[in-house]
Amino acid sequence: MASSKNSFKFGLAELLLIIFVVFSGIMLAFHSGGFVVNFHDVGFTVLSSMQKGVNTIASGVSDTFNALHELARLREENRELTERLKNYEILQRNNSDIKKENARLKEQLDFSVTFQEKNYPAQIIGRNPDSLYSAFTINKGSRHGIRKNMPVMAVQGGIVGLVGKVVTVGAGTSLVMPIYDSKCSVSARIQNTRDIGLLTGDGSADLPLNMTYIKKRVLNELNYGDLIVTSGEGGNYISDIPIGSISEIKVLDYDSSLSIKVTPVIDFSRIEMVIVSDRKELNPALLPQTERAK
């Protein structure tokens, strides 16, 4: 039995035939319009795609820069607003301080105008917290009319109280010894009983004053809170100026007098302004206008 073997050889002739057929088909397609390549459209598509990509990137970069610029602007506005707020708060505090200062000055002025004796409002410009030397300095001196031993008062919360007396006078400043100084003594009177005693300090504004020479026989007439005023005796102080109130009463077996503690009406840690009084002259504001013109 004989076997046969079929074989197919791809020669040059066959290759040329295939190329011819494909070329003929392409030419036929071009000729018939079924296969037309518009290179202008192709180029436009490619370029527009590239332009769109570039535009997208550029827009992204531009948006980023715009966002950074806006963020910087917002930060600057925030800084300016914060600074304005601080300035506003400072202005508000300053206005509040000015109002308080004006209220204090008005309080002093109202008192100085209605006071019978001639007086000199003054500001405390220095003080020594050392209890061994408690005097403080005011901004009025001899050229303003201040003299040694003039009484010094203050107004706090609408209440007039004794502060002390002038002990040293300079040309433009003076030294005031407060009533709580251990070297200061004031002739004082219990307002409701009219009994006179001597008021002295312990050298500290935080400690009560001591009142002595009040007889035990008036014990039942005294009460805590009774007002102590200046007696006006001795020539240094005007009478009936409030000093303080009774905060403690003790009976001592070995003494015929009571031991009385007095809390000052003036808070010495808070006073800023004082009024120095001249007992020898009347307040010009209370004189008739004809006399003031002389």
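The side chain of Thr230 comes within reach of the backbone oxygen of Ile238, at 2.4 Å. A polar atom of this side chain also lies 2.8 Å from the backbone nitrogen of Ile241. The structure described here is a predicted model. The two polar contacts of Thr230 are set out below.

**Surroundings of Thr230**

Thr230 counts as buried because its relative accessibility is 0%, and the cut-off for a buried residue is under 20%. Leaving aside residues up to four places away in sequence, Thr230 touches several others, including Leu162, Val186, Ser187 and Ala188. Tyr237, Ser239, Asp240 and Ile243 are also among the residues that Thr230 touches.

**The strand and its barrel**

Thr230 belongs to strand S9, which covers residues 227-230. S9 pairs with strand S10 (residues 242-251) in the antiparallel sense, over 3 bridges. Within this pairing, Val229 stands opposite Pro242 in S10. In general, the strands of a sheet pair through backbone hydrogen bonds, in either a parallel or an antiparallel manner.

Both strands take part in a closed barrel of 6 strands, which runs S6-S7-S8-S11-S10-S9 with antiparallel pairing. Neighbouring strands of this sheet are turned by 40° against each other on average, with direction ignored.

**Confidence in the model**

The average pLDDT of the protein is 78, and 64% of the residues score at least 70. Over residues 1-6, by contrast, pLDDT stays under 50. For residues 1-6 the model has 0 contacts beyond four places in sequence.

Conventions:
Residues are numbered from 1 along each chain as its sequence is written. This is a predicted model: local features need pLDDT of at least 70, side-chain atom pairs count only at pLDDT 80 or more; totals for chains, interfaces and linings use all residues. Side-chain values use heavy atoms; hydrogens and water are left out. pLDDT is the predictor's confidence in each residue, from 0 to 100. Contact means heavy atoms within 4.5 Å. Helices (H or I, at least four residues) and strands (E, at least two) are DSSP runs, numbered from the N terminus. Buried means under 20% relative accessible area, exposed over 50%, partly exposed in between (1.4 Å probe, protein chains only). A polar contact is a pair of N or O atoms within 3.5 Å; within protein, one must be able to donate a hydrogen and the other to accept it, and residues adjacent in sequence count only if both atoms are side-chain atoms. Two strands pair if DSSP finds at least two bridges between them. Axes are lines fitted to C-alpha atoms, for helices over the stretch in contact, and angles run from 0 to 180 degrees between N-to-C directions.
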